[in-house]
Amino acid sequence: MTRNITCVTCPMGCSVTVEISDSGEIISVSGNTCKRGEEYAKNEITHPQRSLATTLRVEGGIYNVVPCKSAGPLPKEKIFECMEAVNSTCVNAPVKLGDVLVKNICGTGVDIVATNHCPRKG
Amino acid sequence: MLNYDIVIIGGGPAGMAAALRAKECGVDSILILERAETLGGILEQCIHTGFGLQYFGEELSGPEYASRFIDLVNKEKIEYKTDTMALEITQDNKVYAVNKKDGLLEIQAKAIILAMGCRERPRGALNIAGTRASGIMSAGTAQKYVNIDGYMPGKKVVILGSGDIGLIMARRMTLEGAKVECVCELMPYSSGLTRNIVQCLDDFGIPLYLSTTVIDIHGKDRVTGVTIASVDENRRPIPGTERLIECDTLLLSVGLIPENELTRAVGIGLDSVTNGAVVDEYRETDHEGVFACGNVLHVHDLVDFVTLESQTAGEGAAKYVLGKKQKGAQVTTKGTGMVRYIVPQKINLNNEGDVKLYFRVGNTARNATVKVKYGGEEIISRKRPRLAPGEMESVVIKNEMLKSFSDGGVLEITVEV
């Protein structure tokens, strides 16, 4: 059996074909134009992953929220659980770009880090 | 009156990249004018990742991409004024601007770089029938509410238009707990990147209805629903295909318009397809000393290309200020067939380097051949497995090729399928 996957690793959006044996083993990956495409397609069959970009509440900052992202990909099925965890967290200003806001989110081993600065108000 | 060698209007990715390159090329007297309270432009609210893969070789969020340039602008001590609105540019390259601290500013520039970006087409430009209930807004407005202000503008959402901002907001609203009922697209294809259809719609089971539009909006105080209908090949609604979809919010992601009010007012020639200025290979307009780059020149799909183009404009403006940019023989570029537009529209033949032409097609095509012709003769032929209106293409004209052209010639790009 074959599966056609659109690689979302970068904006190229390559159309990748994965050939899978009856026992579920990956036989071949084709159509990708870089190594990351091959890895993405393999992961998509075995354990799909997605990065998460969202916002987290800030107390006392010039903005109510600070943008943040997962420092690495998260298991796709845990995205909404991670969103809940982020939305139930609040940090105090100031926040600096790169600050770890949530360590090891939902036991995934991945941190949520700030992707912008949020200085203190006033 | 203030005096600067280069005044840059707009402190987004275009303005910052142009400023940094101009400085690198030996111009120290530079001023950036920015309307918002911080540098960074629209990137500040684009918190999703995917920026910088071409330019930095890594995947950054919008604010991260912007902050790399903001840090450099500060490090290079390039002057900027935020909360400052440029009001007018004059025939002799003066800029009038206003802010709360300085009041009215009169700034004499040797060169001006236009980097104002673009804005979203509003509901008024679409003539959708229906009430004026609250809950109708552009996708970018919703993006600002959610990502900067931190509140949700609705719970049950229909999105009209499948451009990248619409797709990104479908995911964003879903992640924050809203139900996105569908994305409707008037055209038979999406103008968004394929990866965004996959990771923003397919991942969350959000349907994309192609050749479909919103024909009516319901609700007195708040939107209660929209009527959608399929359209025929002339984009006219097909009777009998109407469907009511209940929702409290309609997001519009129906195209971007370069913000060229200043450009138009001073009489700079615009391209009727890009809605941006007509420029040469250094992005100089037909008004001497005025350059344009980024989304004010033509709408880009990737900020990385905005950065590259703006560096070209910054270099051009620096050359102009330093008296190193000569005008002379030129050829014009012309897109034919599927090719909707080409930037730049003019190339100076005394240019010392290669020239990259950026272009966009009007339709999707597979296994196509991009052909460049000069005087009707084919000079370049490149295979492309896939062409799409949402993805900008480019082709490089080598300098030795340029040298073989003559004044007044026409360089044509066409696509054969």
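Two residues are in contact here if their C-beta atoms, placed from the backbone, lie within 7 Å. With that in hand, welcome to this predicted model. The contact between the chains takes 20 residues from chain A and 20 residues from chain B.

**Where chain A touches chain B**
- On the chain A side, the elements that give two or more residues are β5 (53–59) and β6 (65–70).
- β5(A) gives the most to this side, with four residues.
- By class, the chain A side holds nine nonpolar, eight polar and three charged residues.

**Domains of chain B**
- Chain B is divided into domain 1 (1–120 + 255–325), domain 2 (122–254) and domain 3 (328–417).
- The centres of domain 2 and domain 3 of chain B, taken over C-alpha atoms, are 35 Å apart.
- Five residues from domain 2 of chain B and four residues from domain 3 of chain B make up their contact.
- The domain 2 side of this contact in chain B has two nonpolar, three polar and no charged residues.

**A helix pair in chain B**
- Helix α1 (residues 13–24) and helix α7 (residues 303–321) of chain B have axes that come within 7 Å and cross at roughly 40°.
- Because of that angle, α1(B) is oblique to α7(B).
- The crossing of α1(B) and α7(B) is right-handed.
- Residues of α1(B) including P13(B), A14(B) and L20(B) meet residues of α7(B), among them V303(B), S310(B) and A318(B).
- The contact of α1(B) with α7(B) has twelve nonpolar, four polar and two charged residues.

Terms used
Residues are numbered from 1 along each chain as its sequence is written. Chains are lettered from A and ligands numbered from 1 in the order in which they are written. This is a predicted model: local features need pLDDT of at least 70, side-chain atom pairs count only at pLDDT 80 or more; totals for chains, interfaces and linings use all residues. Domain bounds come from an automatic or database domain assignment. Ala, Val, Leu, Ile, Met, Phe, Trp, Tyr, Cys and Pro count as nonpolar, Asp, Glu, Lys and Arg as charged, and the others, Gly among them, as polar. Axes are lines fitted to C-alpha atoms, for helices over the stretch in contact, and angles run from 0 to 180 degrees between N-to-C directions. Angles under 35 degrees count as roughly parallel, over 145 as roughly antiparallel, 65 to 115 as roughly perpendicular and the rest as oblique. A crossing is left-handed if the near helix is turned anticlockwise from the far one by less than a right angle, and right-handed if clockwise.
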